[in-house]
Amino acid sequence: MRDVKPRVQPALQPVPDRLRNFDEMIQGYALEDALEEARRCILCKSARCQGACPLGNRIPQWIAELQQGRFEEAYRIIREISPMPELCSRLCPQERLCEGACALGIKHEPVAIGLLERFVCDQNRARPNGVDPTPATAPMTGSKRVAAIGSGPASLAFAQAMARAGHRVTVFERWPKLGGVLRWIPRFKLPSELLDAHLAMLTRMGVTFYTNTEVSWIESLLTDEDFEGVFIGIGASRPSMPQLPGESLKGICSSTEFLVRTFYSREELPNDWEPIADVIGRRVVVLGGGDSAMDCVRTALRLNAAEVTCAYRRDEANMPGSKKEVRAAKEEGANLQWLTAPVAFHSDDGRSVSQVECLRMELGPPDASGRRSPKPILNSAFRMEADLVVLAFGYEVESVFDNEHFFLMAPPKGTVRANPNTGATALRGVFAGGDCVTGPNLVCTAARAGLTAAQHMLRYFAGEPWDVLTAAPVVGSQA
Ligand SMILES: Cc1cc2nc3c(=O)[nH]c(=O)nc-3n(C[C@H](O)[C@H](O)[C@H](O)COP(=O)(O)OP(=O)(O)OC[C@H]3O[C@@H](n4cnc5c(N)ncnc54)[C@H](O)[C@@H]3O)c2cc1C
């Protein structure tokens, strides 16, 4: 039996330092550590890790190169498949994807695939003669004009694939800054210079970006603007609001508003939003249990809140957020209240929130999602003091399209209807993908959807009939 060494842990910023800055918590592997960790991989033939990656990243192939110290080759293999490995290596919940499927993980700790991918990318960026991540673009003979609506990972992956195939891509984004949700994911998870470098690469490939431009009439892009293909990548960015008594009190905001007001400058914010520079001395309560809740908790801690509490209605085992984020939030001093659901907000002065009224919950049998559903415990009401409440209950698709009858399912989910295998919608030439089709999901699944739509748009341009592209059963997937 092969002797398996323990997983190599990366350097982390110590907790007191972390709380004083927005730099990355994980500092990545040093060269020797990366090689030692790579050598733990047994390069198994079944490559279950690759099968569990939505992008089909050829993990054993590049780890084999890394084991031999062939960094350039490792990066080339990663880059052939993944449109944005610098970002995915930091953001993917690897424990649920590649690392969750790692054969070594059956008896030991899985190989740290995410950290190794990040090492290969960071090492490539740091080397003066590193591989240029910009893919070669095909000659523009016969090129077509295509549009992407939204600039999140779905549209960025779509734009990259279409530009690579030699087409002229224009991306329309309604916010003043590009990147979709990637733009307000906290810097301690994704440094903004990596997103900026990615956007600069797309610009070098010839992609044109328009910010502050909301598209509301898709057919006019095809008819008046002469685009021959359109990709809808509008995400699911409308915060779900719980509709509880007192919700309109001052000091209650959505997770999007909290993060955007923290990470955007005054000039970039909508008129009625003030930047948040700190929350010194304030008691912050975050409601919800997903990644966006943990991002708000950890951001509030870095903004010097007096205390940060996160309340979630299920228990820790049944929360949707990534385990590594919960671990980090606990280390950083968050007070996590499981099995706790808000029922009302109260104010001492009639204007600003002062308390959140909550009920204790217990778990019943599994619901449609397979998770055990929470039930309130009788007479368990209690109040938590709060000066700022952040609502992180998830997101819905916000449609602003005039011709939405073509695309949208009935409320409340309102996801865009597209063939899941091709991205084709009911309107000829129009594809869709990412969170707007699946409901809130992941960066890598959005990127996968952008690539799938691009592949099939190319087939459409090559003459594949529209009814073939839309033929597979059309479903709007669930969040
Ligand atoms: C706070 C937070 C943290 C997250 N953390 C992680 C994480 O760590 N790891 C992970 O994998 N996933 C994470 N996610 C989920 C991930 O960010 C999303 O799944 C992903 O961004 C979806 O990509 P998308 O391209 O479909 O949409 P989005 O990223 O939402 O981008 C859509 C863009 O379209 C624009 N738009 C909408 N309508 C129009 C219009 N009519 N005209 C022009 N532009 C329009 C929007 O302004 C937006 O910029 C997080 C999500 C949130 C909210």
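**Exercise 1. Which residues come nearest to the ligand, and which helices supply its shell?**

Step 1. Start at the ligand: of the 39 residues around it, Gly150, Gly152, Gly180, Gly235 and Gly434 come nearest. A residue is near a molecule or strand if its C-beta atom, placed from the backbone, lies within 6 Å of it. This is a predicted model, in which local features need pLDDT of at least 70, side-chain atom pairs count only at pLDDT 80 or more, and totals for chains, interfaces and linings use all residues. Residues are numbered from 1 along each chain as its sequence is written.

Step 2. Look for the helices. At least two residues of the shell come from each of α9 (153–164), α12 (255–263), α13 (291–302), α15 (435–438) and α16 (443–461). Helices (H or I, at least four residues) and strands (E, at least two) are DSSP runs, numbered from the N terminus.

Step 3. Sort the shell by class: 20 residues are nonpolar, twelve polar and seven charged. Here Ala, Val, Leu, Ile, Met, Phe, Trp, Tyr, Cys and Pro count as nonpolar, Asp, Glu, Lys and Arg as charged, and the others, Gly among them, as polar.

**Exercise 2. Find the domains, then see how domain 1 and domain 3 meet.**

Step 1. The protein chain splits into domain 1 (11–126), domain 2 (145–237 + 396–469) and domain 3 (241–393); these bounds come from an automatic or database domain assignment. Domain 2 and domain 3 each give at least three residues to the shell around the ligand.

Step 2. Taken over C-alpha atoms, the centres of domain 1 and domain 3 are separated by 31 Å. Their contact takes seven residues from domain 1 and eight residues from domain 3, where two residues are in contact if their C-beta atoms, placed from the backbone, lie within 7 Å.

Step 3. On the side of domain 1 that touches domain 3, five residues are nonpolar, none polar and two charged.

**Exercise 3. Why are α4 and α5 called roughly antiparallel?**

Step 1. The axes of helix α4 (residues 59–67) and helix α5 (residues 71–81) come within 7 Å and cross at roughly 170 degrees. Axes are lines fitted to C-alpha atoms, for helices over the stretch in contact, and angles run from 0 to 180 degrees between N-to-C directions.

Step 2. Angles under 35 degrees count as roughly parallel, over 145 as roughly antiparallel, 65 to 115 as roughly perpendicular and the rest as oblique. With that crossing angle, α4 and α5 are therefore roughly antiparallel to each other.

Step 3. Now find the residues: Gln61, Trp62, Glu65 and Leu66 in α4 meet Phe71, Glu73, Ala74, Ile77 and Ile78 in α5. This contact has six nonpolar, one polar and two charged residues.

**Exercise 4. What is the order of the strands in the open sheet of five strands?**

Step 1. The order is β8-β16-β9-β10-β11, with parallel pairing; two strands pair if DSSP finds at least two bridges between them.

Step 2. β8 (252–254) and β11 (335–337) are at the edges with a single partner strand each, so one side of each is left without a neighbour in the sheet.

Step 3. Inside the order, five bridges join β9 (residues 283–287) to β10 (residues 307–311), and Leu287 stands opposite Ala311 in β10.

**Exercise 5. Follow strand β13 (residues 355–366) to its partners.**

Step 1. Six bridges join β13 to the antiparallel strand β12 (residues 340–346); there, Ala344 is opposite Glu357 in β13.

Step 2. β13 also runs antiparallel to β15 (residues 382–385), with four bridges.

Step 3. β13 and β14 form a hairpin with five residues between them, and Gly370 in the turn has a positive phi of about 90 degrees.
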